Amino acid sequence: MSKKRILVIEDDRSLSEVLAYNLRQEKYDAVVALDGMDGLRQAQLKTPDLIILDLMLPQMDGLEVCRRLRSDPVTSNVLILMLTAKSEETDQVVGFTLGADDYVTKPFSVKILLERIKALLRRRESNGEASDTIVSQGVMIDRRRHRVMIDDVPISLTRSEFELLEALVRQPGRVFSRAELIDAALGDDALVLERTIDVHIRALRQKLEKHSELIETVRGVGYRFRDPDTAFKKQTTQ
């Protein structure tokens, strides 16, 4: 079973490190962003299960990040727990109006915060809203079981290949640079060359066999998973 991915968007470096440490102790896959723009980028690059979002952030404030997350189909259903030093009721109302799922004010107990996170994730699972399965053009990715099926036949992928394929399939038609795919598949702290992604793509295409053409090369930029709508339009015009 894959770990739940939690993105911490908090500009206080010491606090973000404490939160990330405690989340990893609880077996979550914790990722940190220190400003609103980077947090939004990371959320769109690799969709987390839950976002801990500070309200007061550089580059882009938490309310605007929340607004953009909710307006993007890729991240519209991600759980958002707002974290802020403000305790006025009006701020909480604004946060909930924009789509926050919960609201915690500083200072707070890390233990209590972890319990709030667990409660949100349990509620999501019990409501059957978790997007653990992605299906597109004969490719099925099951995050919960860490399994990939091609036309109902399972294939074996390495962890990096799985993460790479998930990032591409989740946003068909979007062009990913090699640097973005390194972040998605290997982690933003991975010390690898961008050409390493080419090796992973080559191996992934071999395993996809007749579906290998679904991963398209965009010269001078990177790669994308074929947009099914675009493919359909091409077929109807031929």
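**Exercise 1.** Identify which residues of α6 meet which residues of α8, then describe the packing of the two helices.

*Solution.* Step 1: S160, E161, L164, L165 and L168 of α6 are in contact (heavy atoms within 4.5 Å) with H200, I201, A203, L204, K207 and L208 of α8. The model is predicted; local features need pLDDT of at least 70, side-chain atom pairs pLDDT 80 or more, while totals for chains, interfaces and linings use all residues. Residues are numbered from 1 along each chain, and side-chain values use heavy atoms, without hydrogens and water.

Step 2: By class, these residues comprise 7 nonpolar, 2 polar and 2 charged. Ala, Val, Leu, Ile, Met, Phe, Trp, Tyr, Cys and Pro count as nonpolar, Asp, Glu, Lys and Arg as charged, the others, Gly among them, as polar.

Step 3: The axes (lines fitted to C-alpha atoms over the stretch in contact, with angles from 0 to 180 degrees between N-to-C directions) of α6 (residues 159-170) and α8 (residues 195-208) come within 10 Å and cross at roughly 85°. Therefore α6 is roughly perpendicular (65 to 115 degrees) to α8.

**Exercise 2.** Determine the strand order of the open sheet of 3 strands and its edges.

*Solution.* Step 1: The order is β10-β12-β11, with antiparallel pairing; strands (E, at least two residues) and helices (H or I, at least four) are DSSP runs, numbered from the N terminus. Pairing requires at least two DSSP bridges.

Step 2: β10 (176-177) and β11 (215-218) are the edge strands, each pairing on one side only.

Step 3: Between β10 and β12 (residues 222-225) there are 2 bridges; F176 has Y223 as its bridge partner in β12.

Notes:
Parallel < 35°, antiparallel > 145°, perpendicular 65-115°, else oblique.
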